[in-house]
Amino acid sequence: MINRRAVSEHLATLRDRDAGNAAALVVDPADGAVLAHVGSVDYFAEEGRGAIDYARVPRSPGSTLKPFVAAVALADPVFLAGHVRRQD
């Protein structure tokens, strides 16, 4: 089961990557029920801004969307590699 201790232990493995805090949200795919919600490793930690619920903080999608954008582009033959499209 995911709990604050489990998230804290995983965070310790990420210290060499400069991770200062971690969060976890576990959802049952069958019905969407939230099974576990850990917003921060330590609520009272000032250094890692522990009082912020990182499981709810809005994030930029960043690289998450790249595979989907690439799939759409590759599905259209106009965007195949090596194809040059003129703009008149």
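The turns below cover the fold, the surface, one serine and the salt bridges.

This is a predicted model, in which local features need pLDDT of at least 70 and side-chain atom pairs count only at pLDDT 80 or more, while totals for chains, interfaces and linings use all residues. Residues are numbered from 1 along each chain as its sequence is written, and side-chain values use heavy atoms, with hydrogens and water left out.

Me: What pattern does the protein follow along the sequence?
Reply: Helices (H or I, at least four residues) and strands (E, at least two) are DSSP runs, numbered from the N terminus. The protein has two helices and two strands. Read along the sequence, the pattern is α-β-β-α.

Me: What percentage of the residues in the protein is buried?
Reply: Buried means under 20% relative accessible area, exposed over 50%, and partly exposed in between (1.4 Å probe, protein chains only). The protein has 88 residues. The buried share of them is 14%.

Me: Is S40 buried or exposed?
Reply: S40 sits in the loop between β2 (34–38) and α2 (66–75). Leaving aside residues up to four places away in sequence, S40 touches R4, N21, A22, G50 and I52, a contact being heavy atoms within 4.5 Å. Because its relative accessibility is 10%, S40 counts as buried.

Me: Which residue's side chain does the side chain of S40 join in a polar contact?
Reply: A polar contact is a pair of N or O atoms within 3.5 Å; within protein, one must be able to donate a hydrogen and the other to accept it, and residues adjacent in sequence count only if both atoms are side-chain atoms. For S40 the distance is 2.9 Å. The partner is N21.

Me: Where do R5 and E9, which meet in a salt bridge, both lie?
Reply: A salt bridge is a side-chain nitrogen of Lys or Arg within 4 Å of a carboxyl oxygen of Asp or Glu. The R5 and E9 side chains meet at 3.4 Å, N to O. R5 is exposed at 61% relative accessibility, and E9 is partly exposed at 48%. The two residues are four apart, about one turn of the helix, and both lie in α1 (residues 4–13).

Me: Which residue's side chain meets that of R56 in a salt bridge?
Reply: A search of the whole structure finds two salt bridges. The N to O distance is 3.3 Å, and the partner is D53.
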